[in-house]
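Work through the exercises below with the sequence and the model open. Try each task before reading its solution.

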Amino acid sequence: MKINNVNGINGGQNHAPGAGLTFERGPNQVLLPQVMKLLPMAELNSFPCLVSNICVDEAVSRRAILQSFKDDRLLALFALRHFDVDPERPITSDFWPVGVAVEVMALEEKDGQYLKASVKGLKRIYIDDCLPGDVPQVVIRPQPEEVWDEARLVPLVMEAKRLFADVLSLIPGRPVDLLKINRLLEEQPAILADLIMSSLPLRPQSKNEFLLIENLLDRYHKLLEHLNLELADRAAGRAISQRIEESLTRQDRDRRLREQIKAIQVELGEADAQMELAILEERTRSQNLPLEAKMAAERELTRLKMTPPQSSEYGVIRQFLEWIIDLPWSKSSEKDNDLQKAREILERDHHGLDQVKNRILEFLAVHSLTPNHRGPILCLTGPPGVGKTSLGRSIAEALGREFVRLSLGGVKDEAEIRGHRRTYVGARPGRVIAGLHKCGVNNPVFLLDEVDKMTNNAQGDPAAALLEALDYEQNETFTDHYLELPFDLSKVLFVLTANVLERIPPALRDRLEVVEVSGYATAEKMAIAREHIWPKELERHGLKGTKLSINDEALTEIVESYTSEAGCRDLCRHLRALIRSRAVCQAEGLTPDPLIKAPELRSILGAPRFAKETRELKPQVGVATGLAWTPAGGDLMFVEAVAMPGQGNLILTGQLGEVMRESAQAAISFVRAKAKDWNQDPDWFRLRDIHIHLPHGAIPKDGPSAGVGMVVALVSLVSGLPVRPEIGLTGEISLRGLVLPVGGLKEKILAAKRAGLSTVLIPEKNLPEIEDLPSYLTENIVIKPVRTVEEAMRLALLGGDVEANDLSLKGEGPPLSAPLAAAASSTSEL
């Protein structure tokens, strides 16, 4: 009979009893030699007629198995009483007296370290003597022939079978083949007893004692004793487990289930996911989240635990959960209310801009006195390169807060501000929430840069999405589409920047307090270059501590001939070029003059890029000097008018916008309407075409402020009176001849000073703005307010300083009156 029985190393048990049973021969049919090769065993799990596996790694045991396999394949297996044994000189007292004779069925070498042998138990044997040697041997005595009383044995066998089935029923995953056990019962009850005994989880000593029992009836009595004890232990353990299970709370059961899931996931190689879940759970508990956010985080954590890590939804849930945990719901940076320090920082980082600095200090002072003050949101407007963004950074440093910059240039999707809903693939929060996540606090200085460059399309209006974020009455519960949780933005100090205020939507502009940051004059740019740009660039280029410098003449030429801007960015680029040229010389071991002078500029920077815009030197008929605002600051804008035979058409060139074209039409209408008052022949306009041109035709031009210049140029053309070239003109006109206020006054006056004008005519209603201009702008220039076009004509036209109703037009019209002719020939200036 053959019974498969898989044992571990040196008899370690690991098998499923009752599996693969076949019948061959009984134990009493085997004939054994009196002397057999000895194989000592730490634990003896081999029984007669059972096949088992044994593994050995000791040299003597390896020799015994190998030699046995070559010879008769027979071995005597005896269990050791202790482990203090000489392998080559064992003695009888080292072993239990009863062992098992086995036949080696097969051999297998594992990793060159130990032998694995498949052996089949033959019969019980007794040890009489030990024979030492390289392969020790034993003198054995076989078990006597077994005789039993079948009438007494059958009830014992039936009870053993029943109890064994009961025991197996309490062991999950240990099936029993009752049909094969029944067959064993009918043919070989001794084998059945050994099978059951080998399957029970008993101590090696108990199994060795079982082998010692010679009488089969006694063996069955001992087996039943062990079965009853095992069944009682199993039943008691199960009852205790049931009572404990009933007493466990839902939380305890959940914990146990989670531990079981963890164990399964470890077996499946998902331990990293469990570690990640544990970390997320700990972070969720440790964060001071608002109630609504905490509930959302716990809900998503529960979903995450039930989602397989291989699922695409797992990453989506984890990302959302990490956003909730990492947002600074209640984390704030400490505020610094030192106003003197704030003043020093502003003075250190920015030259001039006194009005802007004072307004910022007022703003900071109110915030320091009332920490929860919800004042207006500052919007710094001005041309590029004047320091708007760096002012925002200085505000953050002065307040001791984190600084976040968000560029809105080109943003055209509402989702950029409020985020995408999580139903979209790749959804993320909007830039406002993302900025707070990045800085890690809920009260930073948040700079929204280039807010006037936003556009809208079918995806929504980002400017409208900003309304909630920038309104302190609403932003306590700002809701991002991705999070769908209210986040408090009331502690955030928002600062906006823009180049053109008119491009900001009215609803958004209404929430802002505008602070104008104007362009710099030449003197200011030179001071900024020396105090800020030059030292910083020397340090960046590794030339800090050298005597490299630039004289005033060279610096002035760079400002006036190589740059044309309101700010200092282009100036900074040219100064870098100068420093790089000296860095090359130093790297090559040359020693050039450390002072950069004006004659060197052409060889380093090339030819001047900009010709300085200057006024006309001589008075001309039909040419007026207008002043314009540009993104790079102010500039001169000449208005040229000529007349030619025609049919009364008005020709406008110079790439004029719609508003400027309307100003030209208003100017010609005003002049024609006043022609009769000025004794001008009405047919003069009907018989001529008038062409108005503004030079630099490649540059688009628009706005109403050229109206006064157009009227003066037209009156000069019609009357023949030349226009004073040293006078700059700006102002919108009405058909009644009123001069209306315009914007960009500071930039226009800057342009007038750069061009060498001596007088600027401005609308009378713009006069209050003059008081706010820096003193250096109003020095050495006359600023004259005018209320009507007639006032501007009298001041701007040579020979026009007479009453308007006394004007008699020259040229194509009637002859001039004597006083006017005398005035027209004069070359005196204001």
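Helices (H or I, at least four residues) and strands (E, at least two) are DSSP runs, numbered from the N terminus. The expected span of a helix is 1.5 Å times one less than its number of residues. This is a predicted model, in which local features need pLDDT of at least 70, side-chain atom pairs count only at pLDDT 80 or more, and totals for chains, interfaces and linings use all residues. Residues are numbered from 1 along each chain as its sequence is written, and side-chain values use heavy atoms, with hydrogens and water left out.

**Exercise 1. The chain as a whole**

Task: State how many helices and strands the chain has, and what share of its residues is buried.

Solution. Begin with the elements: the chain holds 29 helices and 26 strands. Next, apply the burial cut-offs: buried means under 20% relative accessible area, exposed over 50%, partly exposed in between (1.4 Å probe, protein chains only). Of the 830 residues in the chain, 47% are buried. Finally, turn to contacts, meaning heavy atoms within 4.5 Å. Among contacts between residues at least 6 apart in sequence, 73% join residues at least 24 apart.

**Exercise 2. Helix H20**

Task: Compare the span of H20 with its expected value, then find what covers its buried residues.

Solution. H20 runs over residues 569-587, 19 residues in total. From first C-alpha to last it reaches 27 Å, close to the 27 Å expected at 1.5 Å a residue. Now list its buried residues: Asp570, Leu571, Cys572, His574, Leu575, Ala577, Leu578, Ile579, Ser581, Arg582 and Cys585. Their cover includes helices H18 (522-540), H19 (552-562) and H21 (601-605), along with strands E16 (549-550) and E17 (595-596). After H20 comes glycine 589, with a positive phi near 85°.

**Exercise 3. Two helix pairs**

Task: Determine how H18 packs on H19, and how H9 packs on H10.

Solution. Axes are lines fitted to C-alpha atoms, for helices over the stretch in contact, and angles run from 0 to 180 degrees between N-to-C directions. Angles under 35 degrees count as roughly parallel, over 145 as roughly antiparallel, 65 to 115 as roughly perpendicular and the rest as oblique. A crossing is left-handed if the near helix is turned anticlockwise from the far one by less than a right angle, and right-handed if clockwise.

Take H18 and H19. Their angle is about 120°, and their axes lie 10 Å apart. The two helices are therefore oblique to each other. Their crossing is right-handed. H18 contributes Thr522, Lys525, Met526, Ala529 and Arg530 to the contact, and H19 contributes Asp552, Leu555, Thr556, Val559 and Glu560. By class, the residues are four nonpolar, two polar and four charged. Here Ala, Val, Leu, Ile, Met, Phe, Trp, Tyr, Cys and Pro count as nonpolar, Asp, Glu, Lys and Arg as charged, and the others, Gly among them, as polar.

Take H9 (residues 291-305) and H10 (residues 312-326). They pack at about 155°, with axes 10 Å apart. That makes H9 roughly antiparallel to H10. The crossing of H9 with H10 is left-handed. On the H9 side, the contact uses Ala293, Ala296, Ala297, Glu300, Leu301, Arg303 and Leu304; on the H10 side, Glu313, Tyr314, Ile317, Arg318, Phe320, Leu321 and Ile324. The classes are ten nonpolar, no polar and four charged.

**Exercise 4. Buried residues**

Valine 411 and asparagine 456 are 45 residues apart in sequence, yet 8.0 Å apart C-alpha to C-alpha.

**Exercise 5. Positive phi**

Task: Is asparagine 780 buried or exposed?

Solution. Most residues other than glycine have a negative phi. Asparagine 780 has a positive phi of about 60°. Asparagine 780 lies in the loop between helix H27 (775-778) and strand E26 (782-786). With a relative accessible area of 77%, asparagine 780 is exposed.
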